[in-house]
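Subject: Structure for your files

Hello,

The structure is below, and my notes on it follow.

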Amino acid sequence: TAHVAADYLRRCGAEEIVLAVPVMPAHMVDEASEWAEEVVTLAAPEDFRSVGQFYRDFGQTSVDEAMELLAGARERHEGPPRR
């Protein structure tokens with residue numbers, strides 16, 4: 001998902017991609033470095049199985065909640081993405 005988002009942002013004119021995530025598999029750091037200029041993460045464990053294993057509460061976001069969040073973001077949007 002992050003890779004696809006980075007590709008989209010590049011097509012929109014982004015000159016630099018910084019991937020910042022709380023946790024990711026160790027083997028993905030090098031792979032992400034191929035399409036992002038910078039990769040920032042708090043943890044990159046070798047024994048990564050899923051993102052949820054690193055959170056006390058990793059409940060699902062409902063479709064309604066996601067739509068509400070996207071609508072709020074759209075209302076706050078004040079112009080094109082920064083380059």
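**Overall fold**

Along the sequence, the protein chain runs in the pattern α-β-α-β-α. The radius of gyration of the protein chain is 15 Å, well over the 12 Å that the globule rule gives for 83 residues, so the chain is more spread out than a compact globule. That radius is taken over C-alpha atoms, and the globule rule is 2.2 Å times the number of residues to the power 0.38. In total the protein chain has 3 helices and 2 strands; these are DSSP runs numbered from the N terminus, with helices (H or I) of at least four residues and strands (E) of at least two.

This is a predicted model, in which local features need pLDDT of at least 70 and side-chain atom pairs count only at pLDDT 80 or more, while totals for chains, interfaces and linings use all residues. Residues are numbered from 1 along each chain as its sequence is written, and side-chain values use heavy atoms, with hydrogens and water left out.

**Extent and surface**

Taken along the principal axes, the C-alpha atoms of the protein chain fill a box of roughly 40 × 35 × 15 Å. Its accessible surface comes to about 7100 Å², with 52% belonging to carbon and sulfur atoms (Shrake-Rupley method, 1.4 Å probe; for residues, only the protein chains shown count as cover). Buried residues make up 16% of the 83 residues, where buried means under 20% relative accessible area, exposed over 50%, and partly exposed in between (1.4 Å probe, protein chains only).

**Aromatic residues and the nonpolar patch**

Val51, Phe54, Tyr55 and Phe58 form a nonpolar patch on the surface, with about 340 Å² of accessible area together. Patch residues have over 30% relative accessible area and no salt bridge; like charges are joined within 9 Å, and nonpolar side chains (Val, Leu, Ile, Met, Phe, Trp, Tyr) within 5 Å. A salt bridge is a side-chain nitrogen of Lys or Arg within 4 Å of a carboxyl oxygen of Asp or Glu. Tyr55 sits in the loop between strand E2 (38-43) and helix H3 (63-76) and is partly exposed at 35% relative accessibility.

The count of aromatic pairs comes to 2 (rings of Phe, Tyr and Trp, the last by its six-membered ring, with centres within 6.5 Å; planes under 30 degrees apart are stacked, over 60 edge-to-face, the rest tilted). Phe48 and Phe54 have ring centres 5.7 Å apart and planes at 20°, so this pair is stacked. Phe48 is partly exposed at 21%, and Phe54 is partly exposed at 35%.

Regards
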